Structures are given as C-alpha cells and as structure tokens.
Amino acid sequence: STSLYRTIVNDVVSPPPKTSRGRKPKATLTSTSSATEIAVPKDILEHFQTADGMDASVLKHFPPSIVRKSSLNTERFYVASRATAERIADVITQDLPPDRPLLEINPGPGLLTEQLLKRKVTNLRLYETESAFEPRLRSSLKLPIDALQIGDFNGLWRLSYLDGLDNGRRVLKLLGDVPQRKWSDEVAFRLFSVIGSIKFLRYLMNSITHQSEFYSLGRYEMFLVMSPLLYAQIAATKDGGYKMYRGSTIVFQVYFDHELLGKVPRKHFLPWCTAGGAKKVRTLHQKLIEDGADEWCLVKIVPRNNLYEHLLPDNFGLFASFITQHYISRRNRIIPSLEHWIPHCGARLILNANYTRRQTKKASSSAANVLPSQLPKSMPLSSNDYPTNMNIYTEFGELTPTQALTLFSEFINWPEFHQSPFMQAVESQKHKQRLMRTLEEEDPIDEPNKSMKKRSDV
C-alpha cells in the first residue's frame, strides 16, 4: 500500500512536460499522386495558399531540401509561380530566332519550361542540378532524350576549380552540346537562370580574362534573376560607395553590357531564405537585403561586341591584374601607385592636356544624374575617356570603368612598361596560382567543400 500511495502522489505532483522551444511546427502538404507528405514551413504554405497568382499544389513537386528555408548564400533557386513563369517566358522569348538555342538552367518542376513550350520554342535545352526533378521533366513535358542534362551549370566555377586540380574535363563535358561561335559573330545562344551569388558572374569574367572554357562559346545573351544586392555589385557607379563599387564591378562593366528589365516577386521562387546574419552587415547592405525580401531583379547581360576595339585579347589578363592591384583600396592614389611601377611617370599625367581639362556640362552623364549609385543600363564602352583635373591626390575610386580602361591603355603604352616591376608582379601571381594548385593536387582532398572555399573568390 505504501508503494501504491507513493506512486499516486508522484503522479499528482509530477510537473507538466515543458514545451519545446525549438523550431515552429511545419505544416504538411499531402501529395494527391502519392501517400508521401512534404513538410512545408507554415508561412510558405500560407503564402502559396492565399497570395494572388500562387498555387500551393506546385509545392508537392519540390523535394523537401528545396522547400525548406536556406541561408542567404544559396546558389540554386527555382521558379515556383505559374504567373511569374508566364511573365518571364514572355521576356526571354521576345525576338528569339527559331534556330537560336535557349538554355534554361535549373528548371525544377518545369513551370517555366511549360510556358516556353507553349510559345513554340523548339531549340530548348535544360540543365538541372537536382536529379529528383528528372522523372517529372521527362514524363510530364515529354522532352527529347538529349534536351535534358543533369549538371550544376550555375556551379561552373566549382567545376573549373576541380578541373584545375586534376586536369579534368568536367566543364567541357557540361558545355559539350552548347554551340560555339567566334566573338565577332552573332550571339550563339540565349540563357535563363536564377543566381544567388556573385560566383557565377565572376566565373564568366575569369573565362574572358583567361580566354578559356565559357569564352570559347562566343557571345551569348543571359537573362538572369538576382537579388538587389547582387545587382548593385555589378551595376554600381563610382558614387555607389566602397562596398559596392569594387574592382570586379569595373571589370564586369568593361566586359559586359547589362540592362535592368524589371522586378519579380522574391517569394515566387524557392527556396526562401532565412534572415540569419542580416544584422551583422552595414546600413547599405541591410537595405539591399531587405529590398531583396520583396523583389528581385530581372537583368539582361551580353558580352560587349566591340570589346576588341578597346581592349585587345592579349591584354585581358593585364587589364584584370591592373584593376585588381589598384582597387584593393579605392583610396589608393593614382599617381603614387603608378610611380611605384614606373618612377616619375606622374608628370606625364599631370602635364597631359587630356587629364587637365575642365569638365563641361556636356561630359556629365544623364543616367548617372538620374540614378547616382546604380546604372539601369550600361554606358557605351570607350578607351578615350580621360578623367578631369588629374593631380597627385586623385584616387582610383574616382574613376569610372571607361576612365579606368583609358588609364590602363595609357599605362601599357609607356615605353618603360614591359621592363617595369608590374610585369614581374603579374608573372609572379600566375606562378603562385600554379604552385598553389600543384600543392593542393599533391594533398588528398577529404573535404572538397573546404578546399573550394579557399578559392571561392576566384
């Protein structure tokens, strides 16, 4: 009886179980075609059920890894709204020649692909990273066998890095079916993708600089959806501030024409991103990240067809090194920096009438006056755009991309250039990169993700 009494007392006084303070419970979406249930975050499910133009039934076509929220560094995104897919299809099929291939990157469940097929796009090629989408794409859309290829197209930068380690052919294999043309010919193909980081664009710039891989395909048209923060990094003007207007911005604007075509709702793409880490960044970054929670940018990017007229292919590498060296800090002063390579060269700039003339109203850019921190459309390329009032205090951050290109053209044409330490620095950097790859090749790579992080800024 005593033991019974103790049991009853213990049952009475036992505290109620504590509620878990973990993640919020996720709603489940049951697929009508199967008995499986997909765990969907509650806010995502509510948005797809209640927002205009959204359809919650599309969620069942995504694997759980895509439906779950991810970090801001995610590189893969998928169109998850039929209304947005229809709008994008109207844009990217406009004036599309029948014989020009259209590459859709990461079609996912095929919402955009369906719209493209409705518009009679015959030369369509799909590149999907997630193999879980392959059965639906092949069965529902009835694509030709060779129209779909499983591969990480947005991760070409990663494949290129791995090829450099083991002399592989991953990039060439993935691009094997893409038509090739000369740079001076017509555009070879049109491409659509949603990108989440600067790495893909940086790979495109590197391919032009080194005249390899993607560069060998010729010129192309890209219709890319990207965050406002990413767009600011490629379209910033010299008034955009230190965080936005960098050396990579200048190289990009010299190599490519770009145009902002419009905005698309961010929540019409999966996965959604968590807000983790947003408080750590500064005010301008915070504003761009907050803007990216509502709308993303649809941007058209095309390599400049007159690039060779202003920058010879043999000088691509020198130009990229020139910009990289001098834009480590935007506050680097031009004349002292150049005199480090060629002593006493500053007098040539100060006494040059092209650099000392006064700026006229005609020289001001109307586009820059309308939008001082970003260019909605790229400016014409010029290698004869001299900065005004050059003196020993003029900084590299004060130059526009065309002015930086003009200064580079002057620099490499000085008679002392080829014997200058600048050439030795460029060759030393090339040797260092080859040595680093050789050392990494000798060491077994147990964790490829860590090794790739070392070169994520290439």
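Predicted model: local features only at pLDDT ≥ 70, side-chain atom pairs only at ≥ 80, totals over all residues.
Which backbone oxygen does the side chain of R304 reach at 2.8 Å? Residues are numbered from 1 along each chain as its sequence is written, and side-chain values use heavy atoms, with hydrogens and water left out.

**View 1. The whole chain has 21 helices and 11 strands.** Helices (H or I, at least four residues) and strands (E, at least two) are DSSP runs, numbered from the N terminus. Of the 458 residues in the chain, 46% are buried (buried means under 20% relative accessible area, exposed over 50%, and partly exposed in between, with a 1.4 Å probe and protein chains only). Take the contacts (heavy atoms within 4.5 Å) with a separation of 6 or more: 74% of them come from residues 24 or more positions apart.

**View 2. R304 sits in the loop between β11 (295-303) and α13 (307-310).** Here is the reply to the opening: the side chain of R304 reaches the backbone oxygen of Q253, at 2.8 Å. That side chain also makes a polar contact with the side chain of D257, at 2.8 Å. A polar contact is a pair of N or O atoms within 3.5 Å; within protein, one must be able to donate a hydrogen and the other to accept it, and residues adjacent in sequence count only if both atoms are side-chain atoms. R304 is buried, with a relative accessible area of 4%. Setting aside neighbours within four places in sequence, R304 has contacts that include W183, R219, Y255, F256 and M379.

**View 3. Helix α11 (residues 247-255) meets helix α14 (residues 316-326).** Their axes come within 9 Å and cross at roughly 150°, which makes α11 roughly antiparallel to α14. Axes are lines fitted to C-alpha atoms, for helices over the stretch in contact, and angles run from 0 to 180 degrees between N-to-C directions. Angles under 35 degrees count as roughly parallel, over 145 as roughly antiparallel, 65 to 115 as roughly perpendicular and the rest as oblique. On the α11 side, look for G247, I250, V251, V254 and Y255; on the α14 side, for F316, F319, A320 and I323. These contact residues divide into eight nonpolar, one polar and no charged. For that tally, Ala, Val, Leu, Ile, Met, Phe, Trp, Tyr, Cys and Pro count as nonpolar, Asp, Glu, Lys and Arg as charged, and the others, Gly among them, as polar.

**View 4. Seven strands form an open, mixed sheet.** Follow the order β6-β5-β4-β7-β8-β11-β9. At the edges stand β6 (148-150) and β9 (256-265), each with a single partner strand, so one side of each has no neighbour in the sheet. On average, neighbouring strands here are turned by 20° against each other, direction ignored. Helix α9 (residues 199-209) packs on the sheet and touches β8 (221-226), β9 and β11, its direction making about 150° with that of β8.

**View 5. Strand β4 (residues 102-105) runs parallel to β7 (residues 190-194), joined by three bridges.** β4 also pairs with β5 in the parallel sense, over four bridges. Two strands pair if DSSP finds at least two bridges between them. E104 is a handy landmark: it stands opposite F192 in β7 and opposite L126 in β5. Strand β5 (residues 124-128) has four of its five residues buried, so the rest of the structure largely encloses it.

**View 6. Helix α7 (residues 156-166) is mostly covered, with eight of its 11 residues buried.** Among them are L156, W157, Y161 and L165. Just after α7 comes N167, with a positive phi of about 55°. N167 is found in the loop between α7 and α8 (170-174) and is exposed, with a relative accessible area of 65%.

**View 7. Two more backbone spots are worth a look.** Most residues other than glycine have a negative phi, and most peptide bonds are trans. K142 is not a glycine, yet has a positive phi of about 55°. K142 lies in the loop between α6 and β6 and is exposed, with a relative accessible area of 71%. Elsewhere, a cis peptide bond joins L270 and P271, with omega about 0°. P271 belongs to the loop between β10 (269-270) and α12 (283-292).
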